Amino acid sequence: MKKHILLITIILFVFTNRIAAVQLKPITQTVNGITLTIDPWIELFNIVAMQAGLNDINTANISYKKECLDYFEPYKNLEAPSILMSYFQNGWGIDDPIFFLLYLDENFEINKNLPSGIIERAGGLEKIKQLATALKNYAQKSDFKTFFYKNQEGFYEHILHNTAYHFKDFEAISIMENYFGQKLDGYNLVLNINGGYGNFGRKIISNGKEEMYAVISSRSYSGNLSEFPLSVSTIELIFHEFGHGFINPAIDQLKSEVGQFQHLQEPIRQSMQQQAYHNWHTIVCEHVVRASVIRLTDIAFGTNYSKDIFYKLMIGNRFIYGDLIINKLKDYENNRLQYPTFADFAPELIRAFEQVDEEYINEKQQLVKHTRSYGIDEIKKPNRVALDSTTLFIIGTHEKDTIAEQKMHSFVKLYRDMFSTEIRIITDEEALARDLKNNDLVVFGTPEGNLFLKKHLEEIPVKIYDDHIITNKLIRGNDLQLVMSWVNPYNQNKNLTIYTGQRTENIKNFHYTRHKDQSHYWVAQDLITLDQGNYNQYISVGWFPDITE
């Protein structure tokens with residue numbers, strides 16, 4: 001009898017401890033020094049958030065979301081959803097929940113380094129412990145481990161493999177470690193599958209290690225798989241958030257030096273406050289991080305990609321002192337024997353603010369205004385051109401290859417006749433000399449061969465160069481075709497469509513493909529689509545290719 005009681009006691013002890021110890025661990029895959037992560041705490045949180053009725057959930061139509069809702073339906077009346085909703089109703093939101101989750105260990109114990117601000121905004125330490133306990137109980141009673149590791153592990157691994165493929169040529173970590181002259185203990189990119197509340201980053205200290213975390217939400221999907229492409233926003237997030245881990249500790253050692261330039265906060269105070277940057281020291285760190293993103297993307301992708309996208313994003317967000325810091329960073333790059341690490345150079349970097357005067361501020365404020373491209377209400381796609389007597393075809397007459405130019409002119413006439421012989425064909429010089437505000441315009445020629453195009457091309461965010469084209473991607477080649485739309489530069493209610501290429505002989509045969517005019521821009525080689533997409537309107541940069549794709 002005693003043996004039976006002892007056996008039952010042992011079984012109960014083991015069973016109880018199995019229930020008490022949830023012991024969650026992320027599913028990961030490493031590529032080029034970045035640990036891609038599916039985080040069980042974040043996925044659990046998203047399930048509870050959906051049941052609580054929170055609306056910051058990814059809108060992607062993937063079956064995984066429905067599987068989450070169906071599997072956990074019997075547990076929706078547990079305390080976790082109602083507790084979480086009460087926290088959000090009291091203003092606990094944005095990035096606080098995500099960072100809280102990153103500070104939980106495998107048994108939902110809170111890391112002692114959890115920032116005090118997150119705790120305070122949640123209502124205090126006891127309140128945030130209450131949420132951790134509620135999430136743990138939810139995980140235990142719903143058998144979350146079975147769902148995460150048994151039911152969905154194959155799904156998660158597919159996402160990790162696909163993301164690793166997107167990142168296979170992205171050497172961000174080696175670039176950053178070489179640039180800053182320092183190594184951190186880890187770089188983690190968390191793939192937030194169901195979450196739709198933005199991208200975040202933070203350095204987390206745990207068990208004596210300093211690791212960087214960036215959390216990204218999916219904005220697209222293929223079939224039933226969430227996708228995490230190497231988009232502009234992802235590149236910026238990685239360089240930006242991981243960059244804080246190198247930059248902030250060095251700038252934090254220079255608080256008195258930074259404080260000398262406190263007066264420079266005033267010209268940008270309102271814009272900074274709108275971005276949740278309220279004190280000068282933080283604003284300086286953000287300037288330095290954004291300037292470093294310019295230099296790092298220059299190294300990774302080339303000067304034009306950095307300038308046409310990341311520099312524009314920096315200026316559009318009114319980080320007007322960025323140019324001075326960029327110039328200083330170039331001095332750092334050229335004097336690495338003297339300054340082996342960024343920390344060594346930081347005191348000299350802060351001296352960049354000595355160069356700021358009223359003329360500089362006024363010049364950069366005007367650049368912000370120009371960058372934001374306000375005043376354009378809508379940009380129509382190329383297939384929305386009127387193609388009647390009110391439309392003008394404008395041909396280039398200054399192409400270097402005159403034989404190719406004549407062939408282009410013949411194609412334009414053929415193309416015009418397919419639509420309407422009432423469409424007038426005029427030269428680039430004629431276009432520059434006449435009033436065009438009442439016309440839809442269709443332009444043919446290279447940037448150098450069509451003077452009208454050359455004059456107005458700078459206004460358009462898609463850029464064409466001799467060996468590449470920049471949309472929200474870098475498309476390399478020297479035989480590329482480009483069709484894109486904009487507004488008539490003299491009347492935003494009229495359309496502008498551009499048929500161009502890197503060489504004059506590329507401007508031909510567009511009538512053989514229907515893909516050319518279905519989106520705001522289309523890049524091809526021999527009419528084979530290489531990239532296409534649409535503009536979105538952003539507060540900081542106006543109309544711009546979608547930075548999340």
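## H10 against H11

Let's start with a helix pair: the axes of helix H10 (residues 172-180) and helix H11 (residues 232-252) come within 11 Å and cross at roughly 30°. Here axes are lines fitted to C-alpha atoms, for helices over the stretch in contact, with angles running from 0 to 180 degrees between N-to-C directions. Helices are DSSP runs (H or I, at least four residues), strands are E runs of at least two, and both are numbered from the N terminus. H10 passes H11 in a right-handed crossing, that is, the near helix is turned clockwise from the far one by less than a right angle.

On the H10 side, Ala-172, Ile-173, Met-176, Glu-177 and Phe-180 make the contact (heavy atoms within 4.5 Å). They meet Ile-238, Phe-239, Phe-242, Gly-243, Phe-246 and Ile-247 of H11. The residues of this contact split into 9 nonpolar, 1 polar and 1 charged. In that scheme Ala, Val, Leu, Ile, Met, Phe, Trp, Tyr, Cys and Pro are nonpolar, Asp, Glu, Lys and Arg are charged, and the others, Gly among them, are polar.

## About the model

This is a predicted model, with local features needing pLDDT of at least 70 and side-chain atom pairs counting only at pLDDT 80 or more, while totals for chains, interfaces and linings use all residues. Residues are numbered from 1 along each chain as its sequence is written, and side-chain values use heavy atoms, leaving out hydrogens and water.

H10 is largely enclosed by the rest of the structure, because 7 of its 9 residues are buried (under 20% relative accessible area, with a 1.4 Å probe and protein chains only; over 50% is exposed, in between is partly exposed). Those buried residues are Ala-172, Ile-173, Ile-175, Met-176, Glu-177, Tyr-179 and Phe-180.

Their cover includes strands S2 (34-38) and S3 (186-192), plus helices H11, H14 (280-301), H16 (322-333) and H17 (342-350). Just after H10, Gly-181 takes a positive phi of about 70°.

## H3 against H8

Now for another pair: the axes of helix H3 (residues 63-71) and helix H8 (residues 144-151) come within 12 Å and cross at roughly 150°. That makes H3 roughly antiparallel to H8 (angles over 145 degrees; under 35 is roughly parallel, 65 to 115 roughly perpendicular, the rest oblique). H3 also passes H8 in a right-handed crossing.

Tyr-64, Glu-67, Cys-68 and Tyr-71 of H3 make the contact with Thr-146, Phe-147 and Asn-151 of H8. By class, that gives 4 nonpolar, 2 polar and 1 charged residues.
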